[in-house]
Amino acid sequence: EADLHVVLNMSDQQISIELPGIGNRAWCLALDTSLQSPHDIVGLQDQKPIRQNYYTVSSRAVVVFENGYIE
């Protein structure tokens with residue numbers, strides 16, 4: 001099973017978070033409630049590795065990352 005990294009930003013301001021390192025794997029965005037449907041949920045087959053080590057989380061948003069191997 002994939003590892004998950006869940007971010008809950010309940011503040012009124014957006015935040016920039018640092019994604020933890022996970023060896024030879026990369027984090028892929030699985031869910032971001034600040035995005036418009038149908039882009040808020042990313043199916044496993046459509047997930048792309050996030051190449052930078054940070055992500056901006058909008059205010060009042062939930063973001064979920066899954067890991068995958070870097071190709």
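Met10 comes out as partly exposed, with a relative accessible area of 48%; that label covers the range between buried (under 20%) and exposed (over 50%), using a 1.4 Å probe and protein chains only. Met10 sits in the loop between strand E1 (4–9) and strand E2 (15–18). Together with Leu4, Val6 and Leu8, Met10 makes a nonpolar surface patch of about 420 Å². Patch members need over 30% relative accessible area and no salt bridge, with nonpolar side chains (Val, Leu, Ile, Met, Phe, Trp, Tyr) joined within 5 Å and like charges within 9 Å. A salt bridge here is a side-chain nitrogen of Lys or Arg within 4 Å of a carboxyl oxygen of Asp or Glu.

All of this comes from a predicted model, where local features need pLDDT of at least 70 and side-chain atom pairs count only at pLDDT 80 or more, while totals for chains, interfaces and linings use all residues. Residues are numbered from 1 along each chain as its sequence is written, and side-chain values use heavy atoms, leaving out hydrogens and water.

As for the overall fold, the protein has five strands and zero helices, counted as DSSP runs from the N terminus (E, at least two residues, for strands; H or I, at least four, for helices). The radius of gyration, taken over C-alpha atoms, is 12 Å, close to the 11 Å from the globule rule for 71 residues, so the protein is as compact as a globular protein of that length. That rule is 2.2 Å times the number of residues to the power 0.38. Buried residues account for 31% of the 71.

Definitions and conventions:
Areas by Shrake-Rupley, 256 points an atom, 1.4 Å probe, with all protein chains shown as cover.
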